[in-house]
Amino acid sequence: QVQLGESGGGLVQAGGSLRLSCAASGRTLSYYVTAWFRQAPGKEREFVASIRGSAVYADSVKGRFTISRDNVKNTVFLQMNSLKPEDTAVYYCSIGSRDTMAWDQYNYWGQGTQVTVSS
């Protein structure tokens, strides 16, 4: 059974940083694409970043966010710097077989972690 567990969300002021973690069991993350998506109230789920061999970023986070993977811990991280109020959302990690920004192509999802950036 595949389980993904996100942690690290919270409340931070604009310009601050947070580091999200996505710990996996039941699948070896290095064999799959692991992606972070986010969803703000009233908005569609949007791609943030993904990693398998190389990293891919949404334009809105490029240069501020960094995705990485620890193969020993079977965990993927999202380091978020220079946070903006518009980054406020529930952040989800997911795994899939295709390197795509389309959320419906990912097979497994975590429960999400809330990130709130105050102005």
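In the predicted model, Phe37 is buried, with a relative accessible area of 0%. The ring of Phe37 pairs edge-to-face with that of Tyr106, at 5.3 Å centre to centre and with 70° between the planes. Phe37 belongs to strand β4 (residues 33-39), whereas Tyr106 lies in the loop between β9 and β10, so the pair ties together parts that are 69 residues apart in sequence. Tyr106 is likewise buried, its relative accessible area being 5%.

An edge-to-face arrangement is also found for Tyr92 and Trp109, whose ring centres are 6.4 Å apart and whose planes stand at 80°. This pair links strand β9, which holds Tyr92, to strand β10, which holds Trp109, across 17 residues. Tyr92 is buried at a relative accessible area of 15%, while Trp109, at 26%, is partly exposed. In total, four aromatic pairs are counted, and ring pairs join Phe37, Phe47, Tyr92, Tyr106 and Trp109 into a cluster.

Charged side chains are also placed over aromatic rings. Arg45 lies over the face of Tyr92, 4.1 Å from the ring centre, and the charged end of Arg19 sits over the ring of Phe77, 3.9 Å from its centre.

Thr100 is located in the loop between β9 (89-96) and β10 (108-109). Its relative accessibility is 15%, under the 20% limit, and Thr100 therefore counts as buried. The side chain of Thr100 reaches the backbone nitrogen of Ala102 at 3.0 Å.

Methods:
Residues are numbered from 1 along each chain as its sequence is written. Side-chain values use heavy atoms; hydrogens and water are left out. Helices (H or I, at least four residues) and strands (E, at least two) are DSSP runs, numbered from the N terminus. Buried means under 20% relative accessible area, exposed over 50%, partly exposed in between (1.4 Å probe, protein chains only). A polar contact is a pair of N or O atoms within 3.5 Å; within protein, one must be able to donate a hydrogen and the other to accept it, and residues adjacent in sequence count only if both atoms are side-chain atoms. Rings of Phe, Tyr and Trp (its six-membered ring) pair if their centres lie within 6.5 Å; planes under 30 degrees apart count as stacked, over 60 as edge-to-face and the rest as tilted. A charge sits over a ring if NZ of Lys or CZ of Arg is within 6 Å of the ring centre and within 35 degrees of the ring normal.
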